[in-house]
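Colleague: Hi! Could you walk me through this structure? I'm still new to this.

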Amino acid sequence: ALAPAAAAGAEAAGDPAQIAAILDYVAADYPSAVGPSGVADATELREQQGFHSEALDLVRALPPAERRELEPALSAAFAAARAGAPAERVVPATSQALAALRSRHAITRHPREAPSLERGAALYTAGCVSCHAGDGSGHTDAQLSTRPPDMRDPAQAGRLSPLRVFNAVSYGVPGTAMPSYRETWSAPERWDLAFYFMSLAHPGLAAAARPPPALAHLASSSDDDLRRELASAGLAGHALEATLASWRTSPPPPDRGSLADCRKAVAAVARLYHDGHAAEARGGAISAYLDAFEPHEAALRVRDAPLVGELEQAFASLRASVEAGRSDDAVASAAARIEALLDEAENLQSRGGGGVSFAAALAIALREGLEATLLLGALLALAGKSGAPGARRSVHAGWTVALAAGAATWWLSGALLAHGGQRRETLEGVVQLGTAALLLAGSHWLLAQASAKRWMGFLSRHAAAGAGALGLGMLAFLSIYREAFEVVVFYRGLLLESPGRGQAVLAGALAGLAALALVVAIFQKLGRRLQPRPLLVSCGALLCALAVVMVGEGVRALQEAGVIGLHPLDLPQLPAFGVFATGEGLWAQGLVLAALAASVAYTLWRTREGGAASSARAAPATRGG
């Protein structure tokens, strides 16, 4: 008779969602127990210490690997809480353990379907009124050891969020009369109740001054959080409270969040893999990143570039887990990590307006165009030094045709995107590697001709036949079109994510183009003043650096398209330099660096040999004189 109860207890002890609920509660409420000047509420502090103790007991029932990851931070937080330490010594360690837990498990943080306040009201009447009162005040005849929060008091209701209420309804609140309803009501019903309970703090309907954020953001944000966001957006007084009331009484549907499709695609990968369809899961992992996430990458990078980097690594880890045939738990853990990061990304998407769209458009233009602009400036400077009239015309023709091709790609981008991100990334990777090969060749002959005499002799031999001019023009075309192709993809995604903000996007793009044009003009002016040897050395070094960057980016694009393998490494990433933490990318860049080193060594050897031969020829003449 006791066996089912014991089994249920063991299951609860290892329930990551219950641990997350406790840690979330402590991270939010500990500051109310201990303030800057010491203990503010001894009863609340004892409750927080009890929560820490319970969370530690639950963590010790987790698998060994998770326990080793979570227990140190949580033990440190508990020891500080027992000593009544200030919040800055307790909350960060608690939050660290909570983040580690969420990175391993798909812990529910928002509803998967639109919450119904009508259904929530019926559940509240059936199970909650006797303790919380019909108006949410908590003023009833029930004899309770701990009084429920008064939802009519902004100071008490302001700390709560639908997620906090959902967790309390799901697992109960230890040390109080609040029981667990996890076995009584389904998860959607508990979300209905949570959103209804939060609406009690805002009686009466109101018109919103601005549309609501994504449902995930509403679910995880407290009233105090939302008030701060609205205040930072310029709202105050009645307009602020009316907007908050409207958001709480009329929550949006889940698919309002632009990353909902990405979240569904990631969940489908874990499901396919669990069902034994590894090949389909691999294709789904590639598509989830390229088709569902990458269109939003540019705007998200402006808001939080490190978060975008974490998401890229998480997607790579998911695909690597699938390709390596790891356990179902490992794949599910990788998918859970992505889902937790997508929640953060969706929260970011709900913030900002035209300024964010402008900044994103400007960042795209600068990020994607700087490499090509520097290279174009170098090519124009070299062409000017050559004195051959056809060289500069060839460079200008190359980038002009590339821009025209980029414009055509924009008009054809609907059909391009319809073919999916895999084909797009494959094409981009091939162009990247082809451009890198030209850069390697160009850097070799630039460094080899690093003297005025050799350079002018080289140009006179090749410019007459048009070979040098043609090479410069081809390099200009590939470099500019490569960036234009990527710009089309990013701007399409930015416009998709920023409806009604086309003017802000256009303004950002034009500002970026103006900045890039200024860089070219400065480079040309400097190039005319430089002597041939410094110009050749600096341009050769620039081509070498760009070759390494483009090889890394090209390999990365082919990896994202699934053309070549992907083995993530636990190393930092430097996307601006084309360095991605994968074995294949670093191996390819290592080969490029080895080729560049061989080129430099060969050039130095030729220089020494040439110098020795000149000395030998000069010696007899000297003796004869």
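**Rings, cysteines and a helix**

Modeller: Happy to! Being four residues apart in helix α10 (residues 187–199), W191 and F195 are separated by about one helical turn. Helices here are DSSP runs of H or I with at least four residues, numbered from the N terminus. This is a predicted model, where local features need pLDDT of at least 70, side-chain atom pairs count only at pLDDT 80 or more, and totals for chains, interfaces and linings use all residues. Residues are numbered from 1 along each chain as its sequence is written, and side-chain values use heavy atoms, with hydrogens and water left out.

Colleague: Thanks! How many aromatic pairs does the structure hold?

Modeller: Nine. Rings of Phe, Tyr and Trp (its six-membered ring) pair if their centres lie within 6.5 Å; planes under 30 degrees apart count as stacked, over 60 as edge-to-face and the rest as tilted. Y25 and F51 form an edge-to-face pair, with 4.9 Å from centre to centre and 85° between the planes.

Colleague: Where do Y25 and F51 lie?

Modeller: Y25 is in helix α2 (residues 16–33) and F51 in helix α3 (residues 42–59), so their pair ties together parts that are 26 residues apart in sequence. Both Y25 and F51 are buried, meaning under 20% relative accessible area; exposed is over 50% and partly exposed is in between (1.4 Å probe, protein chains only).

Colleague: And how are the rings of W191 and F195 arranged?

Modeller: Their centres are 6.2 Å apart and their planes are at 50°, so the pair is tilted. W191 and F195 are both buried. There is also an aromatic cluster made of Y124, Y196 and F197.

Colleague: Is C128 buried or exposed?

Modeller: C128 counts as buried because its relative accessibility is 10%. C131, at 24%, counts as partly exposed.

Colleague: Last one: what does helix α15 look like?

Modeller: Helix α15 (residues 278–293) has 16 residues and reaches 21 Å from its first C-alpha to its last, close to the 22 Å expected at 1.5 Å a residue. That expected span is 1.5 Å times one less than the number of residues. At S287, α15 bends by about 30°, the angle between axes fitted to the seven residues ending there and the seven starting there. Its buried residues include A281, I286, Y289 and F293.

Key:
Helices (H or I, at least four residues) and strands (E, at least two) are DSSP runs, numbered from the N terminus.
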